[in-house]
Amino acid sequence: MTPAQRWAVVGGGLVGAATALRLQAAGFETALIDRGDPRRGASFGNIGHIAAEQCEPMPSPATLKGAVGRLFAFGGPLDFRARDASLWGPWALRFLAASRPAAVAHGAEVLAHLLDDPVGAWMRLAALAEAPDGLIRATGHSVVWSTPEAARRGLAGWSAARTGGARFRVMEAEELAAYDAVLRQRPAGGIRFTGTGQVSEPQAVRDALLAAFSAKGGQTIHADATAVRPVADAAEVALSDGTVIDADRVVVAAGAWSERLMTPLGVRAPLVGERGYSVQSAQHDWPDDLPLTVFEDRALAVARFDGGLRASSHVEFGAPSARPDPRKWRSIEAHLRDLGVAFSAQPDRWCGPRPTLPDYLPAIGRLNAHPQVHYAFGHQHLGLTTAARTAEIIEQMALGRPAPDWTDALRIERFG
C-alpha cells in the first residue's frame, strides 16, 4: 500500500499518544481522538515501570498451578468479578488454550522480540518529543522478599525465568540495609535488575508526548469515538456528538474499549478489562536513590514519582468501566502499614483497566479485510513498556515499509 496522508488515531493513552506523535513527526496529517478523561485508562495510574524483564508468558502451566493460592479471597491479588463472568468466562477458556506448552514457547519468542530494548525505544521517543531530561530513567529496579524462605523460592523462580535483555544479581547486605530508612523490617533478600527503567510519572510522559504532537501540528479532538467505518479506500470515525472525522487511515488504540470499535468490522477482539489499583501519597520519606521496588511476596510495587510515592497491586478481571472495589485499595494500604512505609492516611486512589487478550500478546497490525484500518491495543501489563516500540511499528507500516516478520503473530485475526 502507498503511504496515505491523513491519519486518525483513536485513543489518547500512552500507546495512542506515542503513535500519533510518530505519525505526525513522519509527515502525516494526524488527528488524535481522545476522550479527555485520562484517569479512566490504564495509562494514568500504573507503576511507571519499563518492564524489559517480563519475557515469561503469563499463560502457562505454572500460572494455572498457582492461581488458586493467589485469589483475593485468600489474601492474594487475583480476583474475578462474579457479575462479569459472561465476559471473562469465554476469555478464560482461550487463556487455557494459550497455556499449552507449544503456545507458551510461541508467546515467549514473540515477547522476546517485542521486549528487545524497550528503554532504548523510549529514549528515542523522548528525543523525538524533545522531552525534559529525567522523563525516562534507566535506573533498573529491585525485587525483595520478606522472609528467607520467600527469598529462596523467589530467587529460584527468577533464575529459571526468561528475562530478555534485563539482568539481575543478588543484592548485597548494604543494599538491603538501605531499606531500613523506609521499612519497619529489612527485607530478608532481594535481587537488583539492570536493563529496566522507570518514567518520572506516567501522566507526565503522556503530557510530554501530547505537547510535542501539538507542537508539530497534530490535532487533538476531545470526543468519544463510537464507530470506525471503512469508506472506499479511506475511513471515517464517528464521534458521540455526531461529528464524523474523515481520514485515509485509522489506528484503533482505545485500550480496553477497543473491542466495541473492532466488532462491527467483522473482527473478534476478545479483550477483558484486567484492572489494577494504585494509591499515591504526596507526603512520604522514600529517598531518590531507592529504586522502584517490587515486594514480590506481597504482590505490591512501590515507586517514587515527581508527584509522590505510588503503590500498586491487584489483577481484577471484569468489565473495564465497572465501579472500583474499595477493598482492593484498603488491601494495598494495609500492606503499606505492615511494611512501615510512611504514607498519607487519605491517598489519591485510582483504578484502571489493562486491555488484555487471552494470549497476553498485544494486537498490532492492519486488518486484512479493511486495510485502511490499523490497530494497536491489548498490551496488558506492558502498555507503558511497549508503547514506544508499538509506535515505531505502526510508523513503519504507515510509511509503506514491511513490518518485521515476527509481528505477524500479533495480528488480531489470530482470534478468528
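Accessible areas here come from the Shrake-Rupley method with a 1.4 Å probe, and for residues only the protein chains shown count as cover. With that in mind, the chain exposes about 17200 Å², of which carbon and sulfur atoms supply 53%.

Before going on, a word on the source: this is a predicted model, in which local features need pLDDT of at least 70 and side-chain atom pairs count only at pLDDT 80 or more, while totals for chains, interfaces and linings use all residues. Residues are numbered from 1 along each chain as its sequence is written, and side-chain values use heavy atoms, with hydrogens and water left out.

Turning to the overall shape, the C-alpha trace spans about 65 × 45 × 40 Å along its principal axes. Of the 416 residues, 56% count as buried, where buried means under 20% relative accessible area, exposed means over 50%, and partly exposed lies in between, again with a 1.4 Å probe and protein chains only. The secondary structure comes to twelve helices and 21 strands, these being DSSP runs numbered from the N terminus, with helices (H or I) of at least four residues and strands (E) of at least two.

Let me now pick out two residues. Leucine 96 sits in helix H4, which covers residues 85–98, and Leucine 96 is partly exposed, with a relative accessible area of 44%. Aspartate 116, by contrast, lies in the loop between helix H5 (101–114) and helix H6 (118–128), and Aspartate 116 is exposed, at a relative accessible area of 56%. Its C-alpha atom is separated by 39 Å from that of glutamine 346, 230 residues apart along the chain.
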